[in-house]
Amino acid sequence: DCFRCLYPQTLRTLASICCVEEGIHQLEKVDGILCLADILTDSTHSEATRAEAAAVIAQITSPHLTFTQHLSSFLENMEEIVTALVKLCHEASSGEVFLLASAALANITFFDTMACEMLLHLNAMKILLAACADKQIVDTPYSRDQVVTILANMSVLDQCASEIIQGN
């Protein structure tokens, strides 16, 4: 706890390490995904820390990686992670925080379709679209791209598609 001020920088470094397969395997070996879930769900951590944890999640669930399907500990913690990421999107105080959280959510929707059902139940579509209306939060085309990706992946489910249509 005396090193909490270093968490954001440490997590940013961890995200860099996890751009290679061996880094992700090492993260899983030491229960790093559980640790990330704990950080994301602990509101005593700073927003910056939770945003950097989201960046690690985005990195390890990147759709261009072919070995992520073996992340069993991620699947075990997915509901808590998705819930925390939606909350982080909803409460984001900056465009960077929103981008990191929404990028993680977008990658997770590629990773497992069960995430789309979770997002539906968490009213994520309304949260994401409301954020798009705030030019301080969704301040780049990259952020909009994440929202569009999430909505596109959610639309695979019939119930999600009808909600998207109803939400204009």
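Before I point at anything, a word on naming: helices here are DSSP runs of H or I with at least four residues, numbered from the N terminus. And please keep in mind that this is a predicted model.

With that numbering, Ser-73 sits in helix 5, which covers residues 72-91. Is Ser-73 buried or exposed? Its relative accessible area is 12%, and since buried means under 20%, Ser-73 counts as buried. So what does the side chain of Ser-73 make a polar contact with? The partner is the side chain of Glu-28, at 2.9 Å. If we set aside neighbours within four places in sequence, Ser-73 is in contact with Glu-28 and Ile-33.

Let's stay with helix 5 and look at how it sits against helix 8. Their axes come within 9 Å and cross at roughly 30°. Angles under 35 degrees count as roughly parallel, and helix 5 and helix 8 are therefore roughly parallel to each other. The crossing of this pair is left-handed. On the helix 5 side, the contact is made by Val-86, Cys-89 and His-90, and on the helix 8 side by Ala-124, Ile-127 and Leu-128. Sorted by class, that contact of helix 5 with helix 8 has five nonpolar residues, one polar and no charged ones.

Now compare that with another pair, helix 4 and helix 6. Helix 4 spans residues 47-60 and helix 6 spans residues 95-111; their axes come within 8 Å and cross at roughly 30°. Helix 4 and helix 6 are therefore roughly parallel to each other, and helix 4 passes helix 6 in a left-handed crossing. Which residues meet here? From helix 4 we have Glu-47, Ala-51, Glu-52, Ala-54, Ala-55, Ile-57 and Ala-58, and they meet Glu-96, Val-97, Leu-100, Ala-101, Ala-103, Ala-104, Asn-107 and Ile-108 in helix 6. The residues of this contact of helix 4 with helix 6 divide into 11 nonpolar, one polar and three charged.

Helix 4 has another partner, helix 3. The axes of helix 3 and helix 4 come within 9 Å and cross at roughly 145°, and helix 3 passes helix 4 in a left-handed crossing. Helix 3 contributes Ile-33, Leu-36, Ile-39 and Leu-40, while helix 4 contributes Thr-49, Arg-50, Ala-53, Ala-54, Val-56, Ile-57 and Ile-60. By class, the contact of helix 3 with helix 4 has nine nonpolar, one polar and one charged residues.

Next, a few loops. Asp-112 is in the loop between helix 6 and helix 7. Its C-alpha atom is separated by 9.8 Å from that of Thr-61, although the two residues are 51 residues apart along the chain. Leaving out neighbours within four places in sequence, Asp-112 is in contact with Leu-75 and Met-78.

After helix 7 comes Asn-123, whose phi is positive, near 55°. Most residues other than glycine have a negative phi. Asn-123 is found in the loop between helix 7 and helix 8, and at 39% relative accessibility Asn-123 counts as partly exposed. Asp-31 is another case to look at: phi there is near 60°, a positive value in a residue other than glycine. Where is Asp-31 found? In the loop between helix 2 and helix 3, and with a relative accessible area of 48%, Asp-31 is partly exposed.

Ile-24 is in helix 2 and counts as buried at 2% relative accessibility. The C-alpha atoms of Ile-24 and Leu-14, 10 residues apart along the chain, are separated by 9.4 Å. Over in helix 9 we find Thr-149, which is buried with a relative accessible area of 18%. Not counting residues up to four places away in sequence, Thr-149 touches Ala-106, Thr-109 and Phe-110.

That's my tour, and I'm happy to take questions.

Technical notes. Residues numbered from 1 in each chain as written. Predicted model: local features only at pLDDT ≥ 70, side-chain atom pairs only at ≥ 80, totals over all residues. Heavy atoms only, no water. Axes fitted to C-alpha atoms, helices over the stretch in contact; angles between N-to-C directions. Helix = DSSP H or I, 4+ residues; strand = E, 2+ residues; numbered from the N terminus. Parallel < 35°, antiparallel > 145°, perpendicular 65-115°, else oblique. Left-handed = near helix turned anticlockwise from the far one by under 90°. Contact = heavy atoms within 4.5 Å. Nonpolar A, V, L, I, M, F, W, Y, C, P; charged D, E, K, R; others polar. Buried < 20%, exposed > 50% of the residue type's maximum accessible area, 1.4 Å probe, protein only. Polar contact = N/O pair within 3.5 Å; in protein donor to acceptor, adjacent residues only side chain to side chain.
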